[in-house]
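Work through these exercises with the model open. Try each task before reading its solution.

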Amino acid sequence: TPTPPAGIGTETSLIDLDTGQVTPLPKNISRVNPPVSPDGTMVAYATPDDAGRWQLFIASRDGTDVQQVTHGRREARAPDWSPGGTALVYHASGQGDVTNIFVLDLATGETRQVTNYKQPFSADAPQFSPDGASIIYDLHREASIGLRIVPVTGGKTFALKTAGLLSLMAQAA
């Protein structure tokens, strides 16, 4: 079993793989295991807002400069940063348990719905492709159906086969 570096406890920490420096995240952020922005300065996470609805927030890695970036009736979760750090992709619930994929432009605050599923389908766990042109997500109908890909601007979705996903990941390396 690998031994974690000194300073790692039960809280979530960021580890700089080049230097080995360990930075514990503040408790309000560490419980959600947030994705870090591509430049390493910010984190994005979902947590209940003052009304008790799950919304997205961004903050500096030290927990300062917290900004709520989604608002409204939809409950937003599972954020992922775009490769350039200018947008977040996330899934949000609408009617019932249906979730769809949305992209938030952080500069303008504009949100665009990328998928449009209805009951009994739901889309979740979105991630940007390495080039930022597409979004990969998991499609559900009671159980997982499989991975799908859709252009970041929305449109027709396609099923991803494991071989196709491995090829996409190899291009990113």
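Strands (E, at least two residues) and helices (H or I, at least four) are DSSP runs, numbered from the N terminus. The model is predicted: local features need pLDDT of at least 70, side-chain atom pairs count only at pLDDT 80 or more, and totals for chains, interfaces and linings use all residues. Residues are numbered from 1 along each chain as its sequence is written, and side-chain values use heavy atoms, without hydrogens and water.

**Exercise 1. Trace the open sheet of four strands.**

Step 1. The order is E6-E7-E8-E9, with antiparallel pairing. Two strands pair if DSSP finds at least two bridges between them.

Step 2. E6 and E9 (111–113) are the edge strands, each pairing on one side only.

Step 3. E8 (residues 99–105) and E9 run antiparallel, joined by three bridges. Leucine 104 has threonine 111 in E9 as its bridge partner.

**Exercise 2. Is serine 82 buried or exposed?**

Step 1. Find serine 82 in the loop between E6 (75–81) and E7 (87–93).

Step 2. Its relative accessibility is 7%, so serine 82 counts as buried.

Step 3. Beyond neighbours within four places in sequence, serine 82 contacts Pro38, Ala87 and Phe128.

Conventions:
Buried < 20%, exposed > 50% of the residue type's maximum accessible area, 1.4 Å probe, protein only. Contact = heavy atoms within 4.5 Å.
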